[in-house]
Amino acid sequence: MLRLQGLTPPPIRILPNEIQADIKMLWPSYKAAIQAGTDFLFELGRPGIIQQQCKQAIVGKKLPDSLYVHKTAEAQLPPLLRLMILTARQIVGDLEYDLIKISLDGKKLSFLRYPDFEDIAHPELAYSLRVYLPTASYGIKNFSNSENPPILHRKESFLDPLHPRYAEFAQLSAKEEELGLLSRSDIGTRNRWETLLKESHVAIVGHSLIRTSDDSAPGVQD
């Protein structure tokens, strides 16, 4: 982390006592610990290592080319993926985000902002900031003024199962699945999703499905 921030490791004597104890327990010398950190940093460039780490992650939504994870689950990621996130944040600086998208090729990482992620059942994407690590460059796609922004489904899939609202989010997804709402391939934007809900005579209040007509729908609350 110090090297990514352009800082020289300080003398061991000024480190917190618990870190000094860890270093003395794990490495034969402080110099060896610093070299191990440098070697670990260069692991980011080893072909296939990020793909391997993403597949081994115990949290997040795994797709064929990427891993999506909520910021609250970052600490559950393998150390090398956490280092990749730190590297990207050193490039872009402080920013607000909710999800992180890690590309399996190890070259790209995106920070996705979904305002009110926890309180809205299907939050809208405000912006996506994509970092290209080999050139330390980035670009932004802004959807804040879009009339039809991308939205999220299955929010629980991005979270640590120990998240306090995981079960609540999963229950809504299960009911949407039961009604066949999530089997469509064209529900990734707000307008199409709202049209489907209307056609299905259901609405979402909080994180509950309700009927909007007399048509019976299994698993939907009155």
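A residue is called buried when its relative accessible area is under 20%, exposed when this is over 50%, and partly exposed in between, with a 1.4 Å probe and protein chains only as cover. The model shown here is a predicted one, in which local features need pLDDT of at least 70 and side-chain atom pairs count only at pLDDT 80 or more, while totals for chains, interfaces and linings use all residues. Residues are numbered from 1 along each chain as its sequence is written, and side-chain values use heavy atoms, with hydrogens and water left out.

We can begin with helix α1, which covers residues 17-26 and includes Leu26; helices (H or I, at least four residues) and strands (E, at least two) are DSSP runs, numbered from the N terminus. Leu26 counts as exposed because its relative accessibility is 54%. Together with Met25 and Trp27, Leu26 forms a nonpolar patch on the surface, and the accessible area of these residues together is about 350 Å². Such patches are made of residues with over 30% relative accessible area and no salt bridge, where like charges are joined within 9 Å and nonpolar side chains (Val, Leu, Ile, Met, Phe, Trp, Tyr) within 5 Å; the accessible areas come from the Shrake-Rupley method with a 1.4 Å probe, and for residues only the protein chains shown count as cover.

Helix α5 lets us look at a helix in more detail. Its 13 residues, 166-178, should span 18 Å at 1.5 Å a residue, and this agrees with the 18 Å between its end C-alpha atoms, since the expected span is 1.5 Å times one less than the number of residues. Which residues of α5 are buried? They are Phe169, Leu172, Ser173, Lys175 and Glu176. Seen down the axis of α5, these buried residues fall within an arc of 160°, so they line one face of the helix; the arc is that of the directions from the helix axis to the C-beta atoms. The pattern can be understood from helix geometry, because an α-helix has 3.6 residues a turn, so residues three or four places apart point the same way. The buried residues of α5 pack against α6 (190-199), β7 (202-205) and β8 (208-211), where contact means heavy atoms within 4.5 Å.

The backbone also deserves attention. Most residues other than glycine have a negative phi. Arg154, in the loop between β6 (137-142) and α5, has a positive phi near 50°, and His201, in the loop between α6 and β7, has a positive phi near 60°. Both count as partly exposed, Arg154 at 29% relative accessibility and His201 at 30%. Just after α5, Gly180 also takes a positive phi, of about 80°.

Finally, we turn to charged side chains. A search of the whole structure finds 10 salt bridges, each being a side-chain nitrogen of Lys or Arg within 4 Å of a carboxyl oxygen of Asp or Glu. In one of them, Asp105 and Lys108 meet at 2.3 Å, N to O; Asp105 is partly exposed at 42% relative accessibility, whereas Lys108 is buried at 16%. Arg192 meets Asp186 at 3.0 Å and Glu199 at 3.9 Å, and Arg184, Asp186, Arg192 and Glu199 are linked in a network of salt bridges.
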